[in-house]
Amino acid sequence: MTDKDKQIQMVKTQANMLRMHEQMHTAMDAKNPQERESLMQEHAKMMQESMYMMMGGDAKGGQMDGGMKGR
């Protein structure tokens, strides 16, 4: 993975973290229990996708290579 690839991945990770933070606040502010549950499920899915990406896979279910891609 080149330095540019690492920078791109870092920007994507930061954007995902910000979105997850916003999702959590929206869920906490939800008045309707069904809405809150739906928002929490969306948040959990995004967390899983983010963790998968950080471990070397892509968010769409591609192959995970443990971060060794390009070595």
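1. His 21 is found in helix H1 of this predicted model. With a relative accessible area of 47%, His 21 is partly exposed, since that value falls between the cut-offs of 20% for buried and 50% for exposed. His 21 lies 22 residues from His 43 in sequence, and the C-alpha atoms of the two are 8.8 Å apart in space.

2. His 43 belongs to helix H2. In contrast to the partly exposed His 21, His 43 counts as buried, at 9% relative accessibility. When neighbours within four places in sequence are set aside, the contacts of His 43 are Met 20, Gln 23 and Met 24.

3. One of those partners, Gln 23, is a residue of helix H1. Gln 23 counts as buried because its relative accessibility is 7%, under the limit of 20%. Residues up to four places away in sequence not being counted, Gln 23 touches Glu 42, His 43 and Met 46.

4. Beyond its neighbours within four places in sequence, Asn 16 is in contact with Met 46, Ser 50 and Met 53. As regards Glu 49, the separation from Asn 16 is 33 residues in sequence and 9.4 Å in space, taken from C-alpha to C-alpha.

5. Helix H1 covers residues 3–29 and helix H2 covers residues 33–54; their axes come within 9 Å and cross at roughly 165°. The two helices are therefore roughly antiparallel to each other, given that angles over 145 degrees are assigned to that category. The crossing of H1 and H2 is left-handed.

6. On the H1 side, the contact is made by Gln 9, Lys 12, Thr 13, Asn 16, Arg 19, Met 20, Gln 23, Met 24, Thr 26 and Ala 27. On the H2 side, the residues are Arg 36, Leu 39, Met 40, Glu 42, His 43, Met 46, Met 47, Ser 50, Met 53 and Met 54. Sorted by class, the contact of H1 with H2 comprises nine nonpolar, seven polar and four charged residues. Asn 16, Gln 23 and His 43, discussed above, are included in this contact.

7. For the protein chain as a whole, the secondary structure consists of two helices and zero strands. Of the 71 residues in the chain, 18% are buried. The accessible surface amounts to about 5,700 Å², and carbon and sulfur atoms account for 58% of that area. Among contacts between residues at least 6 apart in sequence, 31% join residues at least 24 apart.

How values were computed. Residues numbered from 1 in each chain as written. Predicted model: local features only at pLDDT ≥ 70, side-chain atom pairs only at ≥ 80, totals over all residues. Heavy atoms only, no water. Axes fitted to C-alpha atoms, helices over the stretch in contact; angles between N-to-C directions. Helix = DSSP H or I, 4+ residues; strand = E, 2+ residues; numbered from the N terminus. Parallel < 35°, antiparallel > 145°, perpendicular 65-115°, else oblique. Left-handed = near helix turned anticlockwise from the far one by under 90°. Contact = heavy atoms within 4.5 Å. Nonpolar A, V, L, I, M, F, W, Y, C, P; charged D, E, K, R; others polar. Buried < 20%, exposed > 50% of the residue type's maximum accessible area, 1.4 Å probe, protein only. Areas by Shrake-Rupley, 256 points an atom, 1.4 Å probe, with all protein chains shown as cover.
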